[in-house]
Amino acid sequence: MKRLFVNFMTCATMATALTLAACSSDSDGEGNGNGNGGNGEGTGSSIVVGDNILSGTLTGEQTLESKEYILNGTVIVADGGRLNIPAGTTIKAREGFSSYLLVAQGGKLYADGTADKPVIFTANTTSPVSGYWGGIIINGKAPISGQNADKSDTGLTEIDNSFKYGGNVDDDNSGSLTYVQICYADDAIEFFGGTVNVTNLLAVNPDDDMFDFTQGYSGTLKNCYGVWENGYTSTEADPRGIEADGNLDGLYPTHLRQSDFRVENMTIVNNAADKADNVDRMQDVIKIRRGAKAAIVNALVKGTGGSIDLIDMSDSKGAGNADSSVSITNSLNLTGKKLNGTLNTFAEPAGNIGTDVSLFTWTGYNFSSL
């Protein structure tokens, strides 16, 4: 059971490359390709093939219907394209990392769910697993870490190098996602640079990191809640609560605009069983490394798991920026280090409350079981 629940709006501050590739919901069910309705309203092009199959490239504007669709391979929202997804729409992806939705630079995605009728992206199978499909990738024009003082540096999208991200448009706008569930992909959320501000994010059992920052991300993540449930397993060697790199893969320590971001009101629950091989449970609660600078306030960590580091500032490719600051209340029975490395501002107040779970009532998640 792998989930990402998103309830946020990104208006004019979309990240350079905001990768929404997470895990997900209880909506299993095999898509049968027999949904009702037409092709939606579109101009310039259509990504609806037949009755309810999504495939191809959108260059104009298209509005889907509030029904079920099958994501058949790669769907691209190209420069100048706009995809509108109304409340109550479910999109089921066919298996494979070649099944994904990518918003190219200049494209826009508006997934406008409601608390009663969220937009759901999930796997097209009755037995889904994390990593079943490729997720959602949003490429914008906001700055990333790089060598150029004019912020003109760009990067290439990992899943398809023919699409770039980055640039010097601080207020770039790639659309908005409100009341969205993204199910059975991989990381919960990863920011490759950019300035996007994200609020109200719940990640349950992502295969890798809950909240991942790299390549010069400089926005704010507010009201975020991450859970490793009892019985959680991972295919990755180092799943973490936060993993923050200042530059891409630690290969560019001299680049300008290293990651410098803020996290407000965060709760992380680790109920996963401890394993000596670091595969079946979280490795660190917070990892700040490779030149990254973070300000983390009102953080709360709890759960039954414990033999992990609370905060790790060290890395073979460079330590995290010691001017980072962390205020965290911890009730884990840690056998690892509370702080590994140098952090100039480290506070452990007794009263941090983390995230208000009432923000996630719409998801139906049972917080009382934690």
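When I say two residues are in contact, I mean that they have heavy atoms within 4.5 Å. Hello everyone, and thanks for coming. With that term in hand, let's start at Gly106, which is in contact with Ala78, Asp79, Gly80, Gly81 and Lys141, leaving aside its neighbours within four places in sequence. Gly106 sits in the loop between strand 10 (96-103) and strand 11 (108-112). Its relative accessible area is 25%, so Gly106 counts as partly exposed. Gly140 is 34 residues away from Gly106 in sequence, yet the two C-alpha atoms are 7.1 Å apart in space.

Before we go further, please keep in mind that this is a predicted model. The mean pLDDT of the protein chain is 85, and 85% of its residues reach 70 or more. One stretch to treat separately is residues 6-43, where pLDDT stays under 50. For that stretch the model has 186 contacts beyond four places in sequence.

Now to the strands. Which strands are joined to strand 24 by bridges that run parallel? Strand 22 (residues 260-270) is one of them, with 9 bridges to strand 24. Strand 26 (residues 325-330) is another, joined to strand 24 by 5 bridges, and this pair also runs parallel. If you want to find these pairings on the screen, look for Met266, whose bridge partner in strand 24 is Ala299. On the other pairing, Ala295 stands opposite Ser325 in strand 26.

Next, the aromatic rings. The structure holds 12 aromatic pairs. One of them is Phe121 with Trp133, a stacked pair at 6.4 Å centre to centre, with 20 degrees between the planes. Phe121 lies in strand 12 (residues 119-123) and Trp133 in strand 13 (residues 133-139), so this pair ties together parts that are 12 residues apart in sequence. Both of these residues are buried.

Tyr217 and Phe261 make a tilted pair, 6.0 Å centre to centre and 40 degrees between the planes. Here the pair links distant parts of the chain, 44 residues apart: Tyr217 is in the loop between strand 19 (211-214) and strand 20 (220-228), while Phe261 is in strand 22. Tyr217 and Phe261 are both buried, and together with Phe191 and Phe213 they form one aromatic cluster. Elsewhere, Arg82 lies over the face of Tyr110, at 3.9 Å from the ring centre.

Last topic: charges. A search of the whole structure finds 16 salt bridges. Glu243 lies in strand 21 (residues 240-245) and Arg289 in strand 23 (residues 284-289), so the pair ties together parts 46 residues apart in sequence. Arg289 also forms a salt bridge with Asp245, with the closest N and O atoms 2.6 Å apart.

Are these two residues buried or exposed? Arg289 has 7% relative accessibility, so it counts as buried. Asp245, at 5%, is buried as well.

Arg290 is buried, with a relative accessible area of 12%, whereas Asp315 is partly exposed at 21%. To bring this together, Asp238, Arg240, Glu243, Asp245, Asp284, Arg289, Arg290 and Asp315 are linked in a network of salt bridges.

How values were computed
Residues are numbered from 1 along each chain as its sequence is written. This is a predicted model: local features need pLDDT of at least 70, side-chain atom pairs count only at pLDDT 80 or more; totals for chains, interfaces and linings use all residues. Side-chain values use heavy atoms; hydrogens and water are left out. Two strands pair if DSSP finds at least two bridges between them. Helices (H or I, at least four residues) and strands (E, at least two) are DSSP runs, numbered from the N terminus. pLDDT is the predictor's confidence in each residue, from 0 to 100. Buried means under 20% relative accessible area, exposed over 50%, partly exposed in between (1.4 Å probe, protein chains only). Rings of Phe, Tyr and Trp (its six-membered ring) pair if their centres lie within 6.5 Å; planes under 30 degrees apart count as stacked, over 60 as edge-to-face and the rest as tilted. A charge sits over a ring if NZ of Lys or CZ of Arg is within 6 Å of the ring centre and within 35 degrees of the ring normal. A salt bridge is a side-chain nitrogen of Lys or Arg within 4 Å of a carboxyl oxygen of Asp or Glu.
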